[in-house]
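Please look over the sequence and the model below before reading on. The paragraphs after them go through selected parts in turn.

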Amino acid sequence: ALYYNDNPAHSPLPWASNLEGHTSFVNSVAFSPDGKRLATGSYDKTAKIWDLDTGKDVLTLQGHTESVYSVAFSPDGKRLATGAWDKTAKIWELDTEKAVLTLEGHTSYVNSVAFSPDGKRLATGAYDKTAKIWDLASGKVVLTLEGHNSSVESATFSPDGERLATGAWDNTAKIWDLATGKAVLTLEGHAEYVWSVAFSPDGKRLATGSFDNTAK
């Protein structure tokens, strides 16, 4: 659920309540590029699109057979990517409500999905210890990034689209050069799983969040 303060003076929206409609845990949330919609992915095997002017769900995307663990809008806001524990990622066209691509290739749960800045590629991170880069014109894997010793929990492109950051259960984050498919940095220092990674807008810094109760 997304919660806004009950005091309307403190709320940026004309409503102030929970977004209610999923029947189980909400695993992931993502704002649309224009900030008018929110996507949510849930253990109930669905993703939803919410209209933030009304607080109502306007789309329910059904097709995964297991928990939807990650959601991401395309840069133009016209598509949604979902990653699920059925070992697949899907690309949905939001104007038709249809899954136009099902990306199969991981051998375990897909934990993370992220569009490249130009919207032409998708990164996925999975419990099979790998991250993959997919060409969305063909639906094919163009890179498999191997080097983590445990589940890849988070993956994100750098702002210029030339690098990928991954966070994993081996307590490390890695920076990958997508021209070569090689890890150019391994960031060690967390004492537990690295659960989340995010580049700064200029691409010069990386934030990591960990089960060791710290962010770095």
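This is a predicted model: local features need pLDDT of at least 70, side-chain atom pairs count only at pLDDT 80 or more; totals for chains, interfaces and linings use all residues.

Residues are numbered from 1 along each chain as its sequence is written, and side-chain values use heavy atoms, with hydrogens and water left out.

Rolling a probe the size of a water molecule over the atoms shows where empty space is left. Here a pocket is an open set of points on a 1 Å grid over the protein atoms alone, where a 1.4 Å probe fits and protein lies on both sides within 12 Å along at least five of seven lines; lining residues have an atom within 4 Å of a point. The largest pocket has a volume of about 590 Å³, a volume being the space filled by probe spheres set on the points, with grid points joined across faces, edges and corners. Its lining consists of 29 residues, and those closest to the centre are Val71, Ser112, Val113, Ala114 and Ala155. Two or more lining residues come from each of strand E1 (26-31), strand E5 (68-73), strand E9 (110-115), strand E13 (152-157) and strand E17 (194-199). Strands (E, at least two residues) are DSSP runs, numbered from the N terminus. By residue class, the lining of the largest pocket holds 17 nonpolar, 11 polar and 1 charged, where Ala, Val, Leu, Ile, Met, Phe, Trp, Tyr, Cys and Pro count as nonpolar, Asp, Glu, Lys and Arg as charged, and the others, Gly among them, as polar.

Ala72 sits in strand E5. Ala72 counts as buried because its relative accessibility is 11%; buried means under 20% relative accessible area, exposed over 50%, and partly exposed in between (1.4 Å probe, protein chains only). Beyond its neighbours within four places in sequence, Ala72 is in contact (heavy atoms within 4.5 Å) with Ala30, Arg79, Leu80, Ala81, Val113, Ala114 and Phe115. Ala72 and Ser112 are 40 residues apart in sequence, with 8.9 Å from C-alpha to C-alpha.

Ser32 belongs to the loop between E1 and strand E2 (37-42), and is buried at a relative accessible area of 4%. With neighbours within four places in sequence left aside, Ser32 has contacts to Arg37 and Phe73. The side chain of Ser32 also reaches the backbone nitrogen of Lys36, at 3.3 Å.

Trp50, in strand E3 (residues 46-51), is buried, with a relative accessible area of 1%. Not counting residues up to four places away in sequence, Trp50 touches residues including Leu19, Gly21, Lys36, Leu38, Thr40 and Val58. The side chains of Trp50 and Thr40 are joined by a polar contact of 2.8 Å. A polar contact is a pair of N or O atoms within 3.5 Å; within protein, one must be able to donate a hydrogen and the other to accept it, and residues adjacent in sequence count only if both atoms are side-chain atoms. Between Trp50 and Gly21 there are 29 residues of sequence separation and 10.0 Å, C-alpha to C-alpha.

The aromatic rings are next. The structure holds 11 aromatic pairs. Rings of Phe, Tyr and Trp (its six-membered ring) pair if their centres lie within 6.5 Å; planes under 30 degrees apart count as stacked, over 60 as edge-to-face and the rest as tilted. Tyr127 is partly exposed at 39% relative accessibility, and Trp169 is partly exposed at 21%. Both belong to a cluster linked by ring pairs, which also includes Phe25, Tyr43 and Trp85.

Two residues have positive phi without being glycine. Lys129, in the loop between E10 and E11, has phi near 80 degrees and is partly exposed at 42%. Asn213, in the segment after strand E18 (206-210), has phi near 75 degrees and is exposed at 76%.

Note on methods: Helices (H or I, at least four residues) and strands (E, at least two) are DSSP runs, numbered from the N terminus.
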